[in-house]
Amino acid sequence: SSKNNNNNNNNYAWKQAQHEKARLLMRMGKFQRQAGNQNDAEQYLRQANYIYAQLQETLSSSYQALSLHELGHSLREQSRYQEAEVCLKKVIKIRLQENNSLSTTTTATTTDVDIAAAYHDLGMILKAQERWSESVTAFQTAAMMFSHSLGVSHRRTLASWEEFESCREEWMKRMQVLTRYTNFNTNSNEAAAAA
């Protein structure tokens, strides 16, 4: 029994050490990202994310989402949009699973704010790729989640709505061009057939 107890203590100590290591890596990654050293930031954040994924605990999944979100920022700043998109979609998935496992009575949790922030950042990545209809959906989701979350500054909600509006305008412009092009081709084909 004492041997089993000793193993549990060692396992706990190991997990604590891994958590500390990952937290330090994440801090260093965030610092490097803010300093503009995206390659270093990416390495630190990937290592932190790897450790959190290995731990597979409720607490570590929350930290994993944080490290992935930071990694998404770093990749976006390197114009590696597809990889950044994958990171943010994972963040949203992890946060939604957390939300489902938290059977809270409050109307909104901090994870709601984190999910909204991830949707907003996903919208920025989609916007950078001129994927207008998808970015409109991401910004709309972010704005609605921010507006229903407690303690969120009105500014964050407004920023998502403003991005939503600008992307929607771009999307509408593209749709009009597409419609004109289709009508032009249809009319030309009809004219050719009539001749």
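Hi everyone. Let me start with a definition: a residue counts as buried under 20% relative accessible area, as exposed over 50%, and as partly exposed in between. Please keep in mind that this is a predicted model.

With that in hand, let's look at R80. Its relative accessible area is 25%, so R80 is partly exposed. Its salt-bridge partner is E42, and the closest N and O atoms are 2.6 Å apart. This pair links distant parts of the chain: R80 is in the loop between α3 (58-77) and α4 (81-101), while E42 belongs to helix α2 (residues 38-55), 38 residues apart. E42 has 6% relative accessibility and so counts as buried.

Now on to R95, which is buried at a relative accessible area of 4%. Which residues does R95 pair with? One of them is E98, with the closest N and O atoms 2.9 Å apart. Both R95 and E98 sit in helix α4, three residues apart, or about one turn of the helix. E98 counts as buried too, at 9% relative accessibility.

R95 also forms a salt bridge with D114, and there the closest N and O atoms are 3.5 Å apart. Because R95 lies in helix α4 and D114 in helix α5 (residues 110-128), this pair ties together parts that are 19 residues apart in sequence. D114 is partly exposed, with a relative accessible area of 26%.

And how many salt bridges are there in the whole structure? The search finds 17. Thanks, everyone!

Note on methods: Residues are numbered from 1 along each chain as its sequence is written. This is a predicted model: local features need pLDDT of at least 70, side-chain atom pairs count only at pLDDT 80 or more; totals for chains, interfaces and linings use all residues. Side-chain values use heavy atoms; hydrogens and water are left out. A salt bridge is a side-chain nitrogen of Lys or Arg within 4 Å of a carboxyl oxygen of Asp or Glu. Helices (H or I, at least four residues) and strands (E, at least two) are DSSP runs, numbered from the N terminus. Buried means under 20% relative accessible area, exposed over 50%, partly exposed in between (1.4 Å probe, protein chains only).
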